[in-house]
Amino acid sequence: MDIVKTLSNLWNTSGFANFTWQNAVMLVIACVFLYLGIKKQFEPLLLVGIAFGMLLTNLPMIKDSSDVLYHPEMWTGEAAVAGGVDYLDVLQHGGLIDILYIGVKTGLYPCLIFIGVGAMTDFGPLISNPKSLLLGAAAQLGIYVAFFLAICLGFEGPQAASIGIIGGADGPTAIWLTKSLAPEILAPIAVAAYSYMALIPIIQPPLMKALTTSKERNILMKPTREVSKAEKILFPVIVTLATCLILPSVAGLLGCLMFGNLLKECGVTGRLADTAQNALMNIVTLFLGISVGATAKGENFLQVQTLYIIALGLFAFMFATTGGLLLGKLMCKVTKGKINPLIGAAGVSAVPMAARVVNNTARKYNPNNYLLMHAMGPNVAGVIGSAVAAGFLMAVFGG
Amino acid sequence: MFLNATSAIEIKMPLTDALLLSVIGIGIVFAVLIVLMFIIMLMGKIMEKSPALAAKMPKLPKFSDIFKKKKADEPITEAPEEPKAKGTCGELVLINTDERDAAMIMAIVADTTGTPLNELRFKSIKRIDE
């Protein structure tokens, strides 16, 4: 037995022998995300999964080893781009994360998450104040501003659309669109989308202060009307029919969102609603986080474009908040001060974080000004708005 | 690199087209949501003007209702057969607790934790007599 050769082989197969600077940088980034998720509790349910997926996929391994968890060439290699992904090959030769990634690539996870989100969301505030939908629409401005800026910076149309959707402040929607239009930038898009959603309490308040006057921030809004159970049951059916007939490409997301909501509201499927908002949601979040994080391979992630995407994502969030606030101001003027323009900032989706930020900001200026329920209207309208925007971009670039 | 040289030439979009697409895009979002707004308004009007229909479906309690003070002379009703409380996700079992007290407890928990009531899940509330 040749001891030297054995030791040499052992060294050559070890991670240390195959360690690159990209591995080192990505492992540091993964650890930073783990810190932010665990210590700072920034979207921990997803960020911890994303960070650990990132950590696993950037461990140096021999390319042909059967231990490799994720094979990017199966998804974005020349053969996959030219002839489509060979799912049989993925199932036969893929690693754990390759198999989990099928759910991302096929759009399964975002849709399942939307069923869970629907089962957890109360659309009552929106039904009682339908004008909230306008604020939810205005807050999608960020998507199109970021899209235009991305084109100006030289990104292709599908990539620019995927970058723009970060402004929708909706992680599953961003993943749903990007996996179809620009899977090669899925990791930076997902990381940017979830990072900025977690940073909403830092991003939005300065804009709220800058764009509203003290008088506007102190407006007390009247309680909204009561909503009957019939309206709550009819709402998901009507929204599905109306939106999917106008824009069929939104059926995947909005159909699932409304299905989940119907399970919650119809009153006869309590067990299913319970499963959707708890067990199903948790399982899918687990799979989604780790498989999206695994796509952040150093050689793909560490690019100048990633910095552009991160910067454009921030612009998208800022313009989305600005759009909502400006329309809120306009509605305040039109209604002669009956609407507090701060609730426009909640139109950026990110349920319920954005509504909570609005409530906290309003209470900062007047401790008796509770805007939470008023902000929930634009907040859930933002979910519908960002899904419609994603459906439009899918219809334009996905065909 | 993300940008593929060959496809970039084919797919790269002129700025005027990108601007036009952005305007159309935000216009579509507004159009769809405005249609929804009118449908929801119409639904609300029909419910308002059709008491028979509204009566068939019980009204859900407003969030603000749970803060309302109970009248002094209102008798406290014991929960005889572990009734299910309204206004919470799933089903809530009340044991020796009336709905008002349960609503107060839920509101306090929601306020203290900073979590909207519709996101909290209460399984049961039981009065413990000491």
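Predicted model: local features only at pLDDT ≥ 70, side-chain atom pairs only at ≥ 80, totals over all residues.
Visitor: How do you know how much of chain B touches chain A, and how much area is buried between them?

Guide: With contact taken as heavy atoms within 4.5 Å, 45 residues of chain B are in contact with 65 residues of chain A. The area buried between the two chains is about 5,000 Å², and carbon and sulfur atoms give 78% of that area.

Visitor: Which polar pairs and salt bridges are counted between chain B and chain A?

Guide: There are 2 residue pairs in polar contact between the two chains, both at pLDDT 80 or more, and the count of salt bridges between chain B and chain A is 0. On the side of chain B that touches chain A, the elements that give two or more residues are helix 1 (5-11) and helix 2 (15-49) of chain B, and helix 2 gives the most, with 23 residues. By class, that side of chain B has 32 nonpolar, 8 polar and 5 charged residues.

Visitor: Why are helix 11 of chain A and helix 2 of chain B called roughly antiparallel?

Guide: The axes of helix 11 (residues 141-152) of chain A and helix 2 of chain B come within 9 Å and cross at roughly 170°. Angles over 145 degrees count as roughly antiparallel, and the two helices are therefore roughly antiparallel to each other. Among the residues that make this contact are A:Tyr144, A:Phe147 and A:Phe148 of helix 11 of chain A, together with B:Leu19, B:Ser22 and B:Gly25 of helix 2 of chain B. The residues of this contact divide into 12 nonpolar, 2 polar and no charged.

Visitor: What makes A:Lys329 and A:Glu216 a salt bridge?

Guide: The closest N and O atoms of A:Lys329 and A:Glu216 are 2.9 Å apart, and the cut-off for a salt bridge is 4 Å, so the pair qualifies. The pair links distant parts of the chain, with A:Lys329 in helix 21 (residues 304-334) and A:Glu216 in helix 16 (residues 214-217) of chain A, 113 residues apart. Over all chains, the structure holds 4 salt bridges.

Definitions and conventions
Residues numbered from 1 in each chain as written. Chains lettered and ligands numbered in written order. Heavy atoms only, no water. Buried area = accessible area lost by both parts, 1.4 Å probe. Salt bridge = Lys/Arg side-chain N within 4 Å of Asp/Glu carboxyl O. Polar contact = N/O pair within 3.5 Å; in protein donor to acceptor, adjacent residues only side chain to side chain. Helix = DSSP H or I, 4+ residues; strand = E, 2+ residues; numbered from the N terminus. Nonpolar A, V, L, I, M, F, W, Y, C, P; charged D, E, K, R; others polar. Axes fitted to C-alpha atoms, helices over the stretch in contact; angles between N-to-C directions. Parallel < 35°, antiparallel > 145°, perpendicular 65-115°, else oblique.
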